[in-house]
Amino acid sequence: ENYAKHSKAWEFSYGNHTIIVPKTAQDIIDEGANMHHCVGGYVNCVLDNSIYIVFVRHKDTPDNCYITCQVHTNGRIGQYFLAYDRYINSDEDRAFYDAFQKHLTEVWKNN
């Protein structure tokens, strides 16, 4: 329900990437376990509306973990990591990051 205020922000795809919103706290915990990073430890921050966590997936495999994205309450992307806290390294991933940030900036400006 925390995500409802900015529902338009999460309706985003670009290239072969799309945003998936976690439905439960367990989804975030599972993401951390599957990606071998600490996002599961951010559940309380999500629950108290301090941050948002969304998942970046390939459109053709939306159930497969790819990138975990933290969005601050001001609409700025924070952490944005591949598995094992690796930084993105492809032009396609960078293009999605840039397009998503531009999208978020517009959505937050209009809310």
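Me: Which elements each supply at least two residues of the lining of the largest cavity?

Reply: S4 and S5 do. The largest share, three residues, comes from S4. These names count DSSP runs from the N terminus: helices are H or I of at least four residues, and strands are E of at least two. The model is predicted, so local features need pLDDT of at least 70 and side-chain atom pairs pLDDT 80 or more, while totals for chains, interfaces and linings use all residues. Residues are numbered from 1 along each chain as its sequence is written, and side-chain values use heavy atoms, without hydrogens and water.

Me: What makes a residue part of a lining?

Reply: It must have an atom within 4 Å of a point. For the largest pocket, 13 residues qualify, and Ile20, Asp27, Glu31, Phe55 and Arg57 are the closest to its centre. H2 gives the most to this lining, with four residues. The lining of the largest cavity includes His37, Tyr42 and Asp85.

Me: How do you know that S3 and S4 pair?

Reply: Two strands pair if DSSP finds at least two bridges between them. Six bridges join S3 (residues 51-58) to S4 (residues 67-72), therefore they pair by that rule.

Me: Why are S1 and S5 called edge strands?

Reply: The open sheet has the order S1-S2-S3-S4-S5, with antiparallel pairing. S1 (13-14) and S5 (77-81) each pair on one side only.

Me: What makes a set of residues a nonpolar core?

Reply: Its members are buried (under 20% relative accessible area, with a 1.4 Å probe and protein chains only). They are Ala, Val, Leu, Ile, Met, Phe, Trp, Tyr or Cys, joined through side-chain atoms within 4.5 Å. The largest core here has 29 residues, of which Trp10, Val71, Tyr80 and Phe100 touch the most other members. H4 gives the most to this core, with seven residues.

Methods
Buried means under 20% relative accessible area, exposed over 50%, partly exposed in between (1.4 Å probe, protein chains only). On a 1 Å grid over the protein atoms alone, a cavity is a set of points where a 1.4 Å probe fits but cannot get out, and a pocket is an open set with protein on both sides within 12 Å along at least five of seven lines; lining residues have an atom within 4 Å of a point.
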